[in-house]
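Trainee: I've got a fold open on my screen and I'd like to learn how to read it. Could you walk me through it, feature by feature?

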Amino acid sequence: MCIFAHKLQMTTIRNQHFMKPMGMIIFMLLPLMGIAYVSWHVWMLLPIATGWKLAVIGTGLLCFLLLFYNFGGGLNKLPLPLARVSYTVGTSSIFILLYLTMVFLLLDIGRLIHLVPKTWLHANGVTAVAIAGLLITVFLCGNLHYYNKVRVPITITTTKPLPHDYRIVMLSDLHLGFHNTRADLARWVDMINAEQPNLILIAGDIIDNSVRPLIEEDMAAEFHRLQAPVYACLGNHEYYSGSPRAQQFYRDAGIHLLIDSVAVIDSSLVIIGRDDRANHRRKPINQLIADVSSSLGEGQGEAFTILLDHQPYHLEQAEAVGIDFQLSGHTHRGQVWPISWITDALYECSWGRHQRGNTQYYVSSGIGLWGGKFRIGTQSEYVVTTLHPNATSETQQ
């Protein structure tokens, strides 16, 4: 269901990508089948009058339809407080639909193997209350877990000559917008400043779907409170929100935006920002490495290279050109179980530390997320990295 929402977003917000007709049909049918399946079960389960059943099911359908309204451009037509409510209700409905589908599937399987009595699923108020209580508990815990930002400490050692240790806060997928507000960002800024970093690196998707709430809440002012230089690359959501306006926000916020470009720190540490793969004309990675050599100039020796690439596809490319460390995000690790199983299957590394040859990677599940504020079986996180020079070996935490 969550994957369907992202596909819907990709086609309705900016028409950046086009799916094949069969793929579109499948992604439209999946949630519609889920709605029909859940609605039938709710109708059979609720021990109330027909009118009340229609009201319950109709309310659920309206909540889900807000998803289409929101991504069809409706959010930008509403006052900001109402747009937030519409966004939260619409995007949360898809997670609730997913979990209702799973619950009813389990009950149906239990009924088929004679573990669940048929009476549990027909005009049974006890079952209805139990399912409602279960979902309220799961999503309340998931919401509380989202607000618990996990600090992930990692250490990187290198034989390359750096002038001193670097303390770097790394994060991705802030998804600031109608749901992650300036108040949320202010808390994150305080957490980052408490780490007293030398650098802050953001691997894309600072913006969610629209730049409008960032401008209206003057979120750029919060970024100016950060007490270290900020370097970032674009993510796919910057393209959905409109790349020119997103880039202007980066400039207003004082963020060093690297779009297929290179920043040299202290002549021995290089940050490479790769454009998002939403831009099919982005530079190949070997050309970016050539840009590193040009930026360093003659006689500068080897530099430690950090690549910011939002989407963690084709990790072998960074290894092939000798990148030392790559930071990515994008996956959210699915946000909620069991979508995390799907992302784990889709990506070589969907979350956490990884290594290929001498190249190290970290794929962050993100400090923010898309849609309803639920983390179930995954975590919202920021990474605090200590980079040690002049070590005798190339890695290790």
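Trainee: Let's start with strand pairing. Which residue in E4 is the bridge partner of isoleucine 202?

Mentor: The general idea first: two strands pair if DSSP finds at least two bridges between them, and strands are DSSP runs of E with at least two residues, while helices are H or I runs of at least four, all numbered from the N terminus. In this predicted model, local features need pLDDT of at least 70, side-chain atom pairs count only at pLDDT 80 or more, and totals for chains, interfaces and linings use all residues. Residues are numbered from 1 along each chain as its sequence is written, and side-chain values use heavy atoms, leaving out hydrogens and water. Here, isoleucine 202 has alanine 232 in E4 as its bridge partner. Strand E3 (residues 199–202) runs parallel to strand E4 (residues 230–232), with three bridges between them.

Trainee: What is the strand order in the open sheet?

Mentor: The order is E1-E12-E2-E3-E4-E5, six strands with mixed pairing. At the edges sit strand E1 (149–157) and strand E5 (256–257), each pairing on one side only. As for side chains, in a regular strand they alternate between the two faces of the sheet.

Trainee: How do E10 and E11 run, parallel or antiparallel?

Mentor: Antiparallel: strand E10 (residues 352–356) and strand E11 (residues 359–363) are joined by five bridges. Arginine 353, for one, has tyrosine 362 in E11 as its bridge partner. Their hairpin has two residues between the strands, and glycine 357 takes a positive phi near 60° there.

Trainee: On to cysteines. How many disulfides are there?

Mentor: A disulfide is a covalent bond between the sulfur atoms of two cysteines. The rule used is a pair of cysteine sulfur atoms within 2.5 Å, and it gives zero disulfides.

Trainee: Is cysteine 349 buried or exposed?

Mentor: Buried means under 20% relative accessible area, exposed means over 50%, and partly exposed is in between (1.4 Å probe, protein chains only). Cysteine 349 comes out buried at 6%, while cysteine 141 is partly exposed at 46%. Across the protein chain, buried residues make up 54% of the 397 residues.

Trainee: What average pLDDT does the protein chain have?

Mentor: pLDDT is the predictor's confidence in each residue, from 0 to 100. The protein chain averages 90, and 90% of the residues score at least 70. Over residues 1–20, though, the pLDDT is below 50, and residues 393–397 are below 50 too. Where pLDDT is low, the predicted coordinates should not be read in detail.

Key
Contact = heavy atoms within 4.5 Å.
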